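Open your viewer and get the selection tool ready. We will take a short walk through the model, one stop at a time.

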Amino acid sequence: MLRNIPKIGLVFFGVFALLPFFADSPYILGVITMASLYAVWAMSWDIFSGYTGEINFGYAFFIGTAAFAGAIFGTRLGLTPWLSITIGALTATFLALITGILTLRLRGPYFTIITMSINIAFSELALVLWKWTGGEEGISGIEPLTDGPASDYYVTLIFSFVVFVVLVILSRSKHGQILIAIRENEDAAEASGINTIIYRVLMFGLSAFIAGIGGGLHIHIQMHASHDLLSLSLSTMILIMAIFGGMGTIIGPMFGAYGLSILSELLRNLAEYRMLIYTGILVLTIFYAPNGIFLRMKTLFSAILSKRKG
Amino acid sequence: MIFMEILVFGLFKGAIYALIAVGFTLIFGVARVINLGHGTFYMLGAYLTYVFIAYAGLNPFLSLAISAIVVGFVGVSMDYILIRPMREMGAYVTVVTLAFALLSQYIIFAIFGSRARNIPDFVTGNVVVFGVNVANQRLFVLFLATATIIAFGLFLKNARFGKAIRAVAQNPDASQLMGVEPGKVFAITVGIAASMAGLAGGAISPIWNVEPTMWLFPLIKAFSIVVLGGIGSLPGSIIGAFILGFAETATAFLISNYLQNMVSLIIIVLVLLIKPSGLMGRTLRH
């Protein structure tokens with residue numbers, strides 16, 4: 001089971017684990033911390049959308065509701081971060097299951113539009129309920145997660161690594177195969193005795209839960225719950241990172257997220273054009289590397305290597 | 001009195017929505033694509049009209065006409081460049097149309113910024129209809145939308161190409177055997193649908209907000225209308241459009257202005273839960 005984990009992923013995490021010894025500016029650590037969260041979100045997006053083929057276009061719904069639930073409970077009841085993160089994640093999961101009653105029946109563009117609609121609806125709702133959520137401003141004064149950028153960095157890196165390992169193993173297990181079977185031909189899967197509904201529900205819930213933990217971590221690291229955590233832009237960015245990296249691979253979205261996050265920082269000066277560049281990348285990816293850059297790079301490297309041995 | 005206002009304003013809203021929804025249904029019925037970029041055609045119609053009026057100093061009606069035609073060509077190009085290559089790959093068609101929509105939003109934002117643009121009324125003045133004070137611009141929009149939809153209906157029924165469209169919608173393979181090129185029909189259909197949406201966008205631009213995110217809600221509403229009316233049904237889309245128009249207007253007057261946009265979302269949820277094929281639709285095989 002453990003040999004299923006792509007070695008390149010392990011190497012990658014190993015490198016990043018050592019990073020703070022070479023570059024310990026809070027700025028760099030902050031960038032990678034955020035990138036780790038994006039990676040978590042991209043991977044947990046992928047375990048559902050990549051493997052069932054249903055594009056969830058409102059992922060920020062899970063992240064934002066977990067973030068705000070955690071923030072509201074945490075600040076009003078004075079809970080520790082770990083407790084409020086857990087409450088947040090459970091709230092997101094609960095909402096996922098409730099909305100899933102409707103959304104999981106739908107396929108294709110219907111699923112896409114309804115997940116998008118629910119995302120928008122809750123984003124607006126949070127503004128309407130500004131007394132609780134702080135409206136556009138969000139909620140401030142949230143307890144910090146740990147006592148410094150370095151420990152925040154390691155918490156998120158380790159979390160990202162754990163999510164990576166768990167989801168890779170899950171995706172390459174029998175359960176992953178079943179999801180792929182459902183994606184490729186649901187009727188055949190049903191006929192084979194697979195309970196497709198349970199699988200969809202469980203994966204959707206898992207996807208929400210992990211996203212929720214990510215959301216909780218985010219607000220405690222930033223010490224602020226931003227309304228952007230419910231935004232369609234966030235949903236879009238995560239989707240782009242996952243598709244760019246390669247849907248349905250787990251490792252693809254992981255690399256996609258780290259890659260695009262770092263790229264985004266490098267292009268910091270072009271901040272207004274950021275979404276434009278991201279969307280452009282999405283379009284290019286769809287046309288020139290529809291299975292994502294990770295697999296593209298892999299095929300390129302194997303082609304080069306086999307020519308050498310040749 | 002309020003009732004009359006809801007009736008009159010609801011009618012105008014319904015007409016604009018019908019113009020957008022008919023195109024959306026058309027693309028689905030014929031090209032079998034749920035084009036998430038449809039709202040973008042509406043947006044481009046508005047911005048192009050603005051550009052022609054504000055920068056080229058053209059007469060508003062001329063600007064509107066030219067914009068609609070240009071948007072039509074954008075639609076055709078979009079079909080050739082983005083949709084056609086993706087037709088094989090199911091989920092990607094949706095993503096690519098959405099990517100088109102997002103890309104357009106960010107390009108428009110980069111060019112024009114987020115500030116809403118102001119377009120002067122094409123026809124000034126007001127008139128009193130059934131005791132309600134109505135801007136002439138709205139009347140213009142109503143007549144334009146009605147005329148366009150009727151003209152299009154006649155085109156579909158009687159014109160040679162209209163019949164070709166209907167044939168491809170019924171059975172692309174059989175149409176091909178009859179000498180019709182489905183690919184060409186798809187592209188032109190998207191073009192016509194885009195034109196109608198662009199026309200709607202341009203015509204209503206003096207009244208509604210013109211800013212880079214203006215494509216999103218019309219798209220969701222078009223989707224809601226199509227779900228309500230029954231996907232693939234043109235009459236259903238028209239009926240659904242007016243139902244939504246009245247429902248939103250009633251909500252705005254009776255409950256709250258802010259909740260208007262929620263109506264379409266609620267409709268999507270209710271219809272999909274109760275009767276997914278909508279009022280008049282054929283069932284969708286997935």
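Here is the tour, with a note on the model before the stops.

This is a predicted model, in which local features need pLDDT of at least 70 and side-chain atom pairs count only at pLDDT 80 or more, while totals for chains, interfaces and linings use all residues. Residues are numbered from 1 along each chain as its sequence is written, and chains are lettered from A and ligands numbered from 1 in the order in which they are written.

**Stop one: a loop residue.** Select Glu136(A), in the loop between helix H6 (130–133) and strand E1 (139–140) of chain A. Helices (H or I, at least four residues) and strands (E, at least two) are DSSP runs, numbered from the N terminus. Glu136(A) is exposed because 11 other C-beta atoms lie within 10 Å; the cut-off for exposed is 12 or fewer, while buried takes 20 or more and partly exposed falls in between, with C-beta atoms placed from the backbone. Beyond its neighbours within four places in sequence, Glu136(A) is in contact with Leu127(A) and His227(A). Contact means C-beta atoms, placed from the backbone, within 7 Å.

**Stop two: a meeting of chains.** Now show both chains: 25 residues of chain B are in contact with 24 residues of chain A. On the side of chain B that touches chain A, H4(B) gives the most, with twelve residues. That side of chain B divides into 22 nonpolar, three polar and no charged residues. Nonpolar covers Ala, Val, Leu, Ile, Met, Phe, Trp, Tyr, Cys and Pro, charged covers Asp, Glu, Lys and Arg, and the others, Gly among them, are polar.

**Last stop.** Finish at Ile238(A), which touches residues including Trp41(A) and Tyr59(A), leaving out those up to four places away in sequence.

Technical notes:
Contact = placed C-beta atoms within 7 Å.
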